[in-house]
Amino acid sequence: MSAFRTVLVFTILALLGVLLAPRLSLHYTPAPISSAFTISYQMHGASPLIIEQKVTSVLENELSQIDGIQKLYSRSGYGSGFLTLTFDVKEDIAFKKIEIISLLRGIQKELPSEVGFPQVSLQSGDDEDKSPLLIYAIYADMAPSEIQEIIDQQMIARLSTIKGVQDVDLSGTSTKTLLVNYFPDQLNHLKITDEQIIQALQSHTSFSFQYSIRDGQLEVPVLVGDQKSLYELHSIPIGKELKLGDICNISQKDREDERIHRIYGKKAILLSIFAAEGVNRIDVATNVEQAISMIESELPKELSLRKRYDDTIFLKEELHKASYRTVFSILILCTFILLFTLRWKQLVILFSGILVNAGLVLLLAYFFRLEIHLYTIAGLTVSFGLLIDNAIVMLDHLTKYRNKQILTGLLAASLTTVIALAVVFFLPATDRQNLTDFALIVILSLSCSLLVAWLYTPALLDLVGTKLSASSRGKSKRIVKIYQLYDRLIFWLAPKRGWLIGALILAFGLPVYLLPTKIDDQKWYNDTYGNDYFQEEIRPYMDRFLGGASRLFYRNVFEGGGVREPSKTRLYVRASLPYGHSIEQMDFTLQKVENYLAGIEGLDIYLSYVYSGTNGQIIIEFDEREENSGLPYVLKNQLTSKALDWGGVDWSIYGVGRGFSNQAGEQLPSFRVQMKGYQFDKLEEMAHVFAEKLLKHKRIQEVNTNEHLSWNSKDLKELKFQYNQHWDALSTTDIHQAFRAARAQSYGSSPAGYTSVDNERIPVYLDPVRHTSFSPYSLLNTNYQNVQLGLIGDLREEIGNPQIHKQDRQYLRMVGFDYFGSHRFGQKYLEEVMEEMKAILPPGFSMESSKYSWFGEKEKRQYSLIFMLIVAIYLICVIFFEDFKKPLLIVFIIPLSFIGLFLIFAWGGFYFDQGGYAAFLMLGGLVVNAAIFIFSDYNQQKGRLQARNVTKAVFQKAWPVTLTVVSTCVGLIPFLINGDQEVFWFSLAIGMIGGLAFSTLLVLIVLPAMMIQKVKA
């Protein structure tokens, strides 16, 4: 194909990629890699055991029949619970969600009426930190229950059908309820229970579903049944001669929303729209705003909506910032090329190559269905420097040798970078989520760059006609003098390569600083290395001298780093009260913080959420001017100081800097054993048997048979009724009926059932009228159905775990204890007792020791993959050069280049996040490129002296190698503008700049000194 046709074909393909770019999926962050569904549900006021028996077990029995479930986990708590179904990542997740919802609809009638329809989502069970997409404040001169009815009928149903909307929440309103007042003593005398009242209401006001009709996008169900007014409810018969009006008073009242949400410290009716994970939040917000503007015209005139919060403003700013960085990076690269080549024709060739390459990448991204988000934009921007590197090397070789033999070197260099990025696909799913698309876009860019360098660049070079004259190709006297100085330096270093290698190894560092101070039961180690004098007087100097740059990085950077998610600067203030507190008490607690925040300037918004009487939090956001200032840190410190004065509350304050928590928390026991079984009571019994066996040892003083399994679990004080051992009248007394009568003495915080009044389904609350307050004393000394509970048993206060955990339908129980003595002997004794227990455990029961992992296994795996990367690059170089020795010199540069990364992070005190890990991978593939080009050029040298061929090959490649490194570093400069507060971008850029700069010295000075085989004195 002619040069003109080649350029034309590439240009058409690139333009096609640009035209298809708007069709690419646009997000701010990648869609989560998740194959687990969470089914969450609530049953206000119910104990964990009731939740487990009436809801969790029912759901498990039904959902366990779905094919492809790898793990089934549930947690039943006080008033709520959730169930997690984990599938294989190869399963069709969308179809599995349809299966789950279909099964839930089939068994909804088997669940308690107050539970409602469980919520299904692709996220964890704890959604309290989730930020809404949009918040609208509702203002109206009408009753809150009327507002609730209007919004439910005209807005929530329509907004929920918008693609990408996960949930629409209305808070601050009230609902119509039916309040039933009765006298417990009167019911007790008539032998009528509160359950009979609910049954009478439901049986005489029942409605059955017949069919549904469509009204636009809404599906309206048609119910058929008896319609009764509030007055007619009093005439409903109960028993033979009684009516409800004879024994209770029935009234309709508005009940305020139990959840309390406030904005700017003011209670308001708020409509919050939440977006699903992984969707284009900007598009979803736009569609929601358009729908609301249409719905507003249909609402009553006295009701108005006002948008008070828009989360997409930050997203739009961040995407604009990312695009600005990309354009700025390209302009800097073009300016750099023009300054250092001083040939506008070469600038045209390189710049057009970048544009064509970008168009081809967009075309491939469309066909491979890649998403465009923060990390793909970062990968594309980083790729520009790599594209220019390949183009510079190809142009340099074409103008010097007039052939394409360097293409094999480019192929090997690009393949090493691809292998380095392929490490991402071996990471755990949570870490792979952010870096997968980053790696894919760079791999596609490198693949396209090879195609451009092979076909497009030579063709365009022929069209433009850039040729070097004979005078420009000749060496000037200055260049000859520089070469002679360089030649002497390499010849001087070559005989001293042993000292050079030793100095570089010490510069990298030996990991002696990771050795423990003491090792249990290793006397020889403790008497030598663990000696107090050695640890205090010698080790600090030894660690400093032998630890090198890696010690500085590990101590000053790595231990304080971690994964960060790109998001707006927020400060979270979470309050926690013991179980038993009311929502009003939690609301009063958060008002203290709100009153303090009212006097702080520079805040954009603060939202308050009261989830229950035990949990609540405030989310604080800052003005754009103050977001990156010191205000978030100052405010966090001020709130921390205030929290110490606001006693009686467990505070957690986090979001910026080091998190604060005043939760006392109990020290974790030395040993923990997890027990599993299919019967809850039997598992509890076996746990007590296990504890009794452990307590036979004198060094074990106490065993906790109900240790917490989750970090947010708290002890719950429970009143348990225990029968007297000598009481044997159970066979003739209806004790269950007595307990039901006793329960009727207390007011229920959750609805006892649902009924229909005036063709409207509303909850029913029972309210017993008592002359004295209900107490444990009255519970034991009152006669219930001819039974006095105090005569047959007693109440005992116990500390219980308010959560019931199950895994694969097996109950979980954690047993913990401390062993006062050597950990080795404690472990040995535990193993002996566990062997005894395993012999008596019933079928289907098991137990295993739960060990702590103080050093993250995930981090070990991440950085061990870098070793695999080095091995893979070595094998590629062996195949390319058909030699085993040369590749050793090439891969030797990879870990040494990390010295630059270590030092720039340690000396600069920058934060290390997932961008730093990406910099490790990129360096692993990039620093060997220059070495591969040098060895490729060295193999073409025909001089007699091997040492002279080495210095000649390196010197000839010194200028293009330096240009490629500098161009890559210059292209990363826009990422450094906002400092290390910038998630991913800054760590990636600063790490690559430090590593590439140091690797240039290694390639141009250390590598030739190692390549020379023999040097005469």
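Predicted model: local features only at pLDDT ≥ 70, side-chain atom pairs only at ≥ 80, totals over all residues.
**Reading burial and a surface patch**

Me: Which residues form a nonpolar patch on the surface?

Reply: A patch is built from residues with over 30% relative accessible area and no salt bridge. In this structure F4, L8, I12 and L463 form a nonpolar patch, and together they have about 400 Å² of accessible area. Helix α1, running over residues 3–20, supplies the largest share of that patch, namely three residues.

Me: Where does D587 lie, and is D587 buried or exposed?

Reply: D587 lies in helix α19, which covers residues 583–597. Its relative accessible area is 12%, and because the limit for buried is under 20%, D587 is buried.

Me: What is D587 in contact with, leaving aside its neighbours within four places in sequence?

Reply: With those neighbours set aside, D587 is in contact with I260, R262 and V610.

Me: How many helices and strands does the chain have, and what part of its residues is buried?

Reply: The secondary structure comes to 30 helices and 34 strands, while buried residues make up 50% of the 1017 residues in the chain. Among contacts between residues at least 6 apart in sequence, 77% join residues at least 24 apart.

Terms used: Residues numbered from 1 in each chain as written. Heavy atoms only, no water. Patch = residues over 30% accessible without salt bridge, like charges linked within 9 Å, V, L, I, M, F, W, Y side chains within 5 Å. Areas by Shrake-Rupley, 256 points an atom, 1.4 Å probe, with all protein chains shown as cover. Salt bridge = Lys/Arg side-chain N within 4 Å of Asp/Glu carboxyl O. Helix = DSSP H or I, 4+ residues; strand = E, 2+ residues; numbered from the N terminus. Buried < 20%, exposed > 50% of the residue type's maximum accessible area, 1.4 Å probe, protein only. Contact = heavy atoms within 4.5 Å.
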